[in-house]
Structure formats: C-alpha cells, structure tokens
Amino acid sequence: ASARTPLMAGNWKMNLNHQEAVHLVQKLAWTLSDKRHDYAKAEVVVIPPFTDLRSVQTLVDGDRLAVKYGAQDVSVHESGAYTGEISSGMLAKLGCSYVVVGHSERREYHAETDAIVNAKAHRALGDGMTPIVCVGEGLEVRQAGEHVAYTLAQVDGSLAGFTPEQVAGLVVAYEPVWAIGTGEVATPDDAQEVCSAIRARIAETHGADAAAGLRILYGGSVKAANVAGIMAKDDVDGCLVGGASLQADEFGGICRFY
Ligand code: PEP
C-alpha cells in the first residue's frame, strides 16, 4: 500500500496499423467502462507505434476516453537532419503522456547505451512527458546472480542528471529480458527483489521523497492470470505489458489487478 497510483502500460511494439489501433482502443475503452469493476484504481496507458498516435489522439480526445497514450521511443535530438527520427516536441504535440525509453529491444537491436537512454529520458521530460525508463538483465546475468547489480548500474546511468524532484515523477520499468515475450514470468518475489533494490538505490542517490514518489513497473509476460501476485508486492507499482496488451479483454483483465 502506497500513495503511488498504479500504472498499467501496454507496449504494442511493431503491431497494429492506425485503423487496427482505433479498433483496439475502442474495445479497451468499452471494457474499461464496465461499472462492475473499479478501473479507476489504475492509470491505463497504450503505447502504439508512431504512425497510430494521431488516430489514437483523435479518438481519445473526441470521446474523452479514460485512456492515456505514449510513444515507444524518441530521438535524442531536438530537430534537424536526422532522417527517420521522431522528436519529443512532435510527440508532446500529439498529446503523448509517456515515452518508453531504453526498452530491451532498443538496447539490443539498436545498441542503445545508458547514455543514449538517459538523453532520451531528458528529452521526454523536457517536453512535459513522463519517460518510462526500461532496465533489466538478460539470462546470463541472472544465472550468474548479478541481476541486482547489473540493473542498478542501468538505473544509475539512465537516470543521470535528474533532480530528486524530477525522479519522484519518473517511471522505471524493471523488465528481465529472459521474461519478455517468452511466457517465462518472473515470480512476484523475483520482481520485488529487484524493484525494492531500485527504490533503495534511489533513496541513496536522490533521497527518500524521490524514492517514495518513483513508480516502478514490472514487465515480462504479464497476463490477467498472473498480475495479482505481482501487484501485491510493495515495490511494484504497475506493469509494462507487451503481448497481452494487444487484446482488449486480456489487457482489461490486467487493469483489474486488485
Ligand atoms: C515488453 O515488451 O515490454 C514486454 C514486457 O513484453 P511481454 O509482456 O510480451 O513479455
């Protein structure tokens, strides 16, 4: 039990065109409008591909839906000759509330370092959006028992240069790479071990208020059937959901985590 508002964020990855996006958000909004459940307990966020954002904005604004949205990545640059990149200013203009930075797929396939992730997080916050800063170890690191130290080093690097007041408003997502898209969910105790270590580290580096405010998500094969045990842990404030966020019923079930 904490004062932190639970956050359920659905990362669609490279799935769904803009028409399919509208369809899914409409279905999700329908699910969330079921008064038999208290969906207002969590902030619900969808994170579609860039090309869907304008359509999602129009739908969410037009129908005043209780769904927020964000982007999966952002450029480190403000503007200019960076073909193919999308700036934080463009995303803010589209009404994005959140920006995922440093997802393990970006770190792995696009060689994103903590310094790059940090620069992206600063860009997002600078334009008034909340970065969801992803960290987490791969299987070899886990098997070597180095997962806490490895993840804390990513936290240190990715959050460099933020003030304690800024950190209090950020979101960190702990996503063990071996649990992403594999069906291999970390146990609630595994999630709590690392999430509590992250909060303790922030208390050391940025103080108690920053640690108390920071929301820490777990990500990795979260489903409606396993979310309750994970969310019962003190230092888990929400989930970053991949595959299961592509179905309105399943993601709705995750949003009924309590
Ligand atoms: C993710 O991509 O952030 C993720 C957690 O994926 P999945 O839920 O599919 O494991």
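Q: Where is Gly-243 found, and what counts as a strand or a helix there?
A: Gly-243 is in the loop between strand 8 (238–241) and helix 12 (248–255). Strands (E, at least two residues) and helices (H or I, at least four) are DSSP runs, numbered from the N terminus. The model is predicted: local features need pLDDT of at least 70, side-chain atom pairs count only at pLDDT 80 or more, and totals for chains, interfaces and linings use all residues. Residues are numbered from 1 along each chain as its sequence is written.

Q: Why is Gly-243 called partly exposed?
A: Gly-243 has 19 C-beta neighbours inside 10 Å. A residue is buried if 20 or more other C-beta atoms lie within 10 Å of its own, exposed if 12 or fewer, and partly exposed in between, with C-beta atoms placed from the backbone. The count of 19 falls in between, so Gly-243 is partly exposed.

Q: What makes the "binding site" residues one spot?
A: UniProt, in an unreviewed entry, lists Asn-11, Trp-12, Lys-13, Gly-181, Ser-221, Gly-242 and Gly-243. They span 233 residues in sequence, but no two of their C-alpha atoms are more than 13.9 Å apart, so they gather at one spot. UniProt positions follow the numbering used here, feature names are shortened, and annotations may be inferred rather than shown by experiment.

Q: Why does Trp-12 count as buried?
A: Trp-12 has 20 other C-beta atoms within 10 Å. Trp-12 sits in the loop between strand 1 (7–11) and helix 1 (18–32).

Q: Which residues are in contact with Trp-12, leaving aside its neighbours within four places in sequence?
A: They are Val-46, Ile-47, Pro-48, Pro-49, Ser-245 and Leu-246. Contact means that the C-beta atoms of two residues, placed from the backbone, lie within 7 Å.

Q: Which residues come nearest to the ligand?
A: Ile-180, Gly-181, Gly-219, Gly-242 and Gly-243 do, out of 13 residues around the ligand. A residue counts as near if its C-beta atom, placed from the backbone, lies within 6 Å of the molecule.

Q: How many of the shell residues around the ligand are nonpolar, polar and charged?
A: Five are nonpolar, seven polar and one charged. Ala, Val, Leu, Ile, Met, Phe, Trp, Tyr, Cys and Pro count as nonpolar, Asp, Glu, Lys and Arg as charged, and the others, Gly among them, as polar.

Q: What shows that the "active site" residues cluster in space?
A: The unreviewed UniProt entry lists His-103 and Glu-175. They are spread over 73 residues of sequence, yet the largest C-alpha distance is 8.5 Å.

Q: Are His-103 and Glu-175 buried or exposed?
A: His-103 has 27 other C-beta atoms within 10 Å, so His-103 is buried. Glu-175 has 30 C-beta neighbours inside 10 Å, so Glu-175 is buried as well. His-103 lies in the loop between strand 4 (98–101) and helix 4 (104–109). Glu-175 lies in the loop between strand 6 (171–174) and helix 9 (188–206).

Q: What is in contact with each, sequence neighbours within four places aside?
A: His-103 contacts Gln-72 and Cys-134. Glu-175 contacts residues including Cys-134, Gly-136, Ile-180 and Gly-219.

Q: Why are strand 5 and strand 6 called paired?
A: Two strands pair if DSSP finds at least two bridges between them. Four bridges join strand 5 (residues 130–135) to strand 6, so the two pair. They run parallel. Cys-134 has Ala-173 of strand 6 as its bridge partner.

Q: How many bridges join strand 6 and strand 7?
A: Four, in the parallel sense. Here Tyr-174 stands opposite Tyr-218 of strand 7.

Q: Which way do the residues of strand 6 point?
A: Val-171 and Ala-173 point one way, Val-172 and Tyr-174 the other, and all are buried. In a regular strand the side chains alternate between the two faces of the sheet.

Q: How does the span of helix 9 compare with the expected span?
A: The expected span is 1.5 Å times one less than the number of residues. Helix 9 has 19 residues and reaches 26 Å from its first C-alpha to its last, close to the 27 Å expected. Its buried residues include Ala-191, Val-194, Cys-195 and Ile-198. Just after helix 9, Gly-207 takes a positive phi of about 100 degrees.
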